[in-house]
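Please open the structure in your viewer and keep the selection tool at hand. This tour moves from stop to stop, saying what to select next and what is found there.

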Amino acid sequence: MNLMAQPAGHITNLHRLLLVVMLLAAGFVRLWSAPDRVFADNIHSLQVILNGDSFVQPVIRLGSSDAVTLSFDCMSHVYERYTCHLVHCNAQWEPEDMLESEYMNGFNDRPIRNYETSVGTMFQYTHYEQTFPNKDVEILVSGNYLVQISDSHGNVAAHACFYVVEPAVSVSASVSPNTDIEMNGRYQQLSYTVRWGSGADIRDAAQELITSVSQNGRTDNAVFGADPTYVRGNEIEYSHCSDLIFPAGSPFRRFEMIDYYSNVQNVESIGFFEPYYHATLPVDKPARNYIYDQDQSGHYVVRYINAANSNIESDYLLTHFYLETPFRTGGSFYISGYMTNHEFSNRYRMEWNESRQLYTAVVPLKTGSYNYQYLWVPDGEKRGYTSLTDGDFWQTRNSYQIFVYQRSYGARYDKLIGFSELVSE
């Protein structure tokens with residue numbers, strides 16, 4: 001396993017126009033499928049956390065004391081000079097045609113100054129953290145923000161994302177298993193209504209307002225720009241929309257390894273095999289029936305029970321995943337969840353083991369509590385499906401995130417004017 005740095009593409013930041021052009025050339029517009037993305041092999045545990053809460057979406061209220069903390073580990077004790085470049089994006093995560101001075105005060109491309117090397121770990125790493133806003137960066141407008149993390153050679157190591165909202169609308173929503181496709185079957189249908197007061201500057205809601213809906217933070221099956229059902233007065237309704245029918249999935253599988261010895265859950269074994277610790281999970285099989293479990297909608301928390309600071313004292317374990325299902329052609333199985341940033345990349349793709357007749361993957365993970373699921377991604381597609389692995393059951397508890405953007409005629413950028421998250425019960 002190669003955990004050393006690998007060049008991921010050279011992008012300079014000397015000129016705004018050059019940045020936009022090169023981001024587009026590097027496939028930036030494809031970020032709708034995975035806004036948070038790691039490109040360098042030596043970067044792990046990329047997270048963006050709002051106000052210290054790992055279980056909420058990183059949505060800052062404009063002008064408030066809210067802050068997001070971006071963190072990641074570089075798998076070495078050798079200091080690497082990482083810089084952060086903040087880019088304002090439209091609702092589809094494409095770069096806006098804006099000057100930096102229009103969306104931020106301060107300085108871009110400043111180095112990350114908050115870093116510490118790991119203590120007492122077999123995997124040596126350096127933990128980096130950067131908070132936004134900060135003394136160098138004041139955020140001026142709402143919308144989608146992408147942080148481009150680059151190393152000292154100009155190689156893009158990772159992208160991380162957060163949101164800034166200026167609340168101008170309210171969102172009420174509901175989820176039902178009685179969908180326009182079937183009743184109490186494999187799907188859940190989302191309905192929601194957006195309302196605003198007389199002081200809101202919304203003149204043509206059907207044309208100006210755009211919504212984006214995610215399930216459990218995933219972007220591969222997110223719904224962008226659903227057509228409203230009704231517009232009346234100061235509200236716009238989205239109901240009986242076929243686009244808002246989601247495969248229900250099943251509860252996330254989960255495990256916990258906060259100690260090397262006894263404090264483990266759903267872990268078959270933990271052992272030390274020179275030079276690292278290994279964790280072996282039980283063999284997973286496709287779900288046949290719905291089984292209730294109180295999951296965390298795909299989130300994870302880094303924690304080591306004996307640590308004063310889990311960020312630098314949690315060791316990495318080479319975690320072995322097994323999925324017992326027949327060999328299939330025409331696609332790939334991936335491990336998915338916040339711990340993988342919902343990426344469909346090779347580091348999370350499962351390989352067929354002919355001798356054991358199952359799929360396997362090994363992922364370096366810090367000690368902590370994890371949710372995960374298996375997704376099947378057909379060749380040529382960017383969307384994953386639970387039907388072949390975890391199944392789809394209407395009873396499943398899912399979280400849905402609803403973002404409301406305003407794209408006014410002649411405006412310079414897409415405002416984020418509303419956000420709501422609900423959980424199906």
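Throughout the tour, a residue is called buried when its relative accessible area is under 20%, exposed when it is over 50%, and partly exposed in between, with a 1.4 Å probe and protein chains only. What you have open is a predicted model, in which local features need pLDDT of at least 70 and side-chain atom pairs count only at pLDDT 80 or more, while totals for chains, interfaces and linings use all residues. Residues are numbered from 1 along each chain as its sequence is written, and side-chain values use heavy atoms, with hydrogens and water left out.

Select glutamine 357, which sits in the loop between strand 27 and strand 28 (358-366); strands here are DSSP runs (E, at least two residues), numbered from the N terminus. With a relative accessible area of 42%, glutamine 357 is partly exposed, and its phi is near 55 degrees, a positive value in a residue other than glycine. Most residues other than glycine have a negative phi, and most peptide bonds are trans.

Now select histidine 342, in the loop between strand 26 (331-336) and strand 27. Is histidine 342 buried or exposed? Histidine 342 is buried, at a relative accessible area of 6%, and its phi, too, is positive, near 55 degrees.

**Stop two: the largest cavity**

A cavity is a set of points, on a 1 Å grid over the protein atoms alone, where a 1.4 Å probe fits but cannot get out, and lining residues have an atom within 4 Å of a point. The largest cavity holds about 440 Å³ of space, where grid points are joined across faces, edges and corners and the volume is the space filled by probe spheres set on the points. The structure has eight cavities of 30 Å³ or more.

Next, colour strand 2 (43-50), strand 12 (156-165) and strand 30 (399-406), each of which gives at least two residues to the lining of the largest cavity. Strand 2 provides the largest share of that lining, namely four residues. Sorted by class, the lining has 12 nonpolar, 10 polar and two charged residues, where Ala, Val, Leu, Ile, Met, Phe, Trp, Tyr, Cys and Pro count as nonpolar, Asp, Glu, Lys and Arg as charged, and the others, Gly among them, as polar.

Select the five strands that form an open sheet in the order 22-23-25-28-27, with mixed pairing; two strands pair if DSSP finds at least two bridges between them. Strand 22 (269-273) and strand 27 (351-353) stand at the edges with a single partner strand each, so one side of each is left without a neighbour in the sheet. Inside this sheet, strand 23 (residues 276-280) and strand 25 (residues 316-323) run parallel and are joined by four bridges. Which residue of strand 25 is the bridge partner of histidine 278? Select leucine 318 to see that partner.

**Stop four: two cis peptide bonds**

In the loop between strand 22 and strand 23, find proline 275, which is joined to glutamate 274 by a cis peptide bond with omega about 10 degrees. Then go to proline 133, in the loop between strand 9 (126-132) and strand 10 (137-139), where the peptide bond from phenylalanine 132 is also cis, with omega near -10 degrees.

**Stop five: salt bridges**

How many salt bridges does a search of the whole structure find? The search finds 20 salt bridges, each being a side-chain nitrogen of Lys or Arg within 4 Å of a carboxyl oxygen of Asp or Glu.

Select aspartate 66 and arginine 61, whose side chains meet in a salt bridge at 2.8 Å, N to O. Aspartate 66 is buried, with 7% relative accessible area, whereas arginine 61 is partly exposed at 47%.

Move on to glutamate 237 and arginine 232, which form a salt bridge at 2.6 Å, N to O; both belong to a network of salt bridges that links Arg195, Arg232, Glu235 and Glu237.

Finish with arginine 253 and aspartate 284, which meet in a salt bridge at 3.4 Å, N to O. Arginine 253 lies in strand 20 (residues 253-257) and aspartate 284 in the loop between strand 23 and strand 24 (300-302), so the pair ties together parts that are 31 residues apart in sequence. Both arginine 253 and aspartate 284 are buried.

How values were computed
On a 1 Å grid over the protein atoms alone, a cavity is a set of points where a 1.4 Å probe fits but cannot get out, and a pocket is an open set with protein on both sides within 12 Å along at least five of seven lines; lining residues have an atom within 4 Å of a point.
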